[in-house]
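Thanks for coming. I will go through one structure, starting with its helices and then turning to its strands.

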Amino acid sequence: MIDYFVRLVELPRRVEGVTVPNNDGSFSVYINSLLSEEQRQRVLTHELEHIEKEHFYIDIPVERMERQAEGEHINLALHPPEGKIACFKSEEALALYIKNLAAQTGARI
C-alpha cells in the first residue's frame, strides 16, 4: 500500500495539482484550493495515476506521462537513464517492469 497525503493549497490558477515523492516512500499531493470540488476530485484522480504508473521512477517526457495519467495507453520502454538504477516501490511493481520488458523484447517469462 502506498501512503499519500493530500493538501489543499492556493496555487497559481494554471497549476491544478502536483505530486511530490517524500523521502520515506510516501507522496504529498498538492491540489489547488481555488478549484471547485469536482475539479479537485478530477485532479486527485489524475495525480494518483502518476503514482500508480510510477512516473517518479521512469525517464520519459512529461507530456507522455500526462497523457498516460489521463488514460491514454502508451507503450513505454522502461529503461532507466544511463548511470541510474531502476527503483521499484514493491515486488508487484518489479514484476510489472519485468513483464513489460519481456513483452517489448518478445521474451517468454
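Is the crossing of H1 and H2 left-handed or right-handed? Before I answer, a word on the source. This is a predicted model, in which local features need pLDDT of at least 70, side-chain atom pairs count only at pLDDT 80 or more, and totals for chains, interfaces and linings use all residues. Residues are numbered from 1 along each chain as its sequence is written, and side-chain values use heavy atoms, with hydrogens and water left out.

Helices (H or I, at least four residues) and strands (E, at least two) are DSSP runs, numbered from the N terminus.

Now the answer: H1 and H2 cross in the right-handed sense. A crossing is called right-handed if the near helix is turned clockwise from the far one by less than a right angle, and left-handed if anticlockwise.

Two packed helices are described by the angle between their axes and the distance between the axes. Here H1 covers residues 37–52 and H2 residues 62–69; their axes come within 9 Å and cross at roughly 115°. Axes are lines fitted to C-alpha atoms, for helices over the stretch in contact, and angles run from 0 to 180 degrees between N-to-C directions. The two helices are therefore roughly perpendicular to each other, a term for angles of 65 to 115 degrees; under 35 is roughly parallel, over 145 roughly antiparallel, and the rest oblique.

Which residues meet? From H1, His46, Glu49 and His50 meet Met65, Glu66 and Ala69 of H2, where contact means heavy atoms within 4.5 Å.

On to the strands. Three of them form an open sheet with mixed pairing, in the order S1-S3-S2. Strands pair if DSSP finds at least two bridges between them. S1 and S2 are at the edges with a single partner strand each, so one side of each is left without a neighbour in the sheet. From one strand to the next, the twist averages 20°.

S3, residues 27–32, has five of its six residues buried, meaning under 20% relative accessible area, with exposed being over 50% and partly exposed in between (1.4 Å probe, protein chains only). With S1, residues 4–9, S3 pairs in the parallel sense over six bridges, and Tyr4 stands opposite Phe27. With S2, residues 17–21, the pairing is antiparallel over five bridges. There, Val20 stands opposite Ser28, Thr19 has Val29 as its bridge partner, and Gly17 stands opposite Ile31.

The S2 and S3 hairpin has five residues between the strands, and Gly25 takes a positive phi near 95° in that hairpin.
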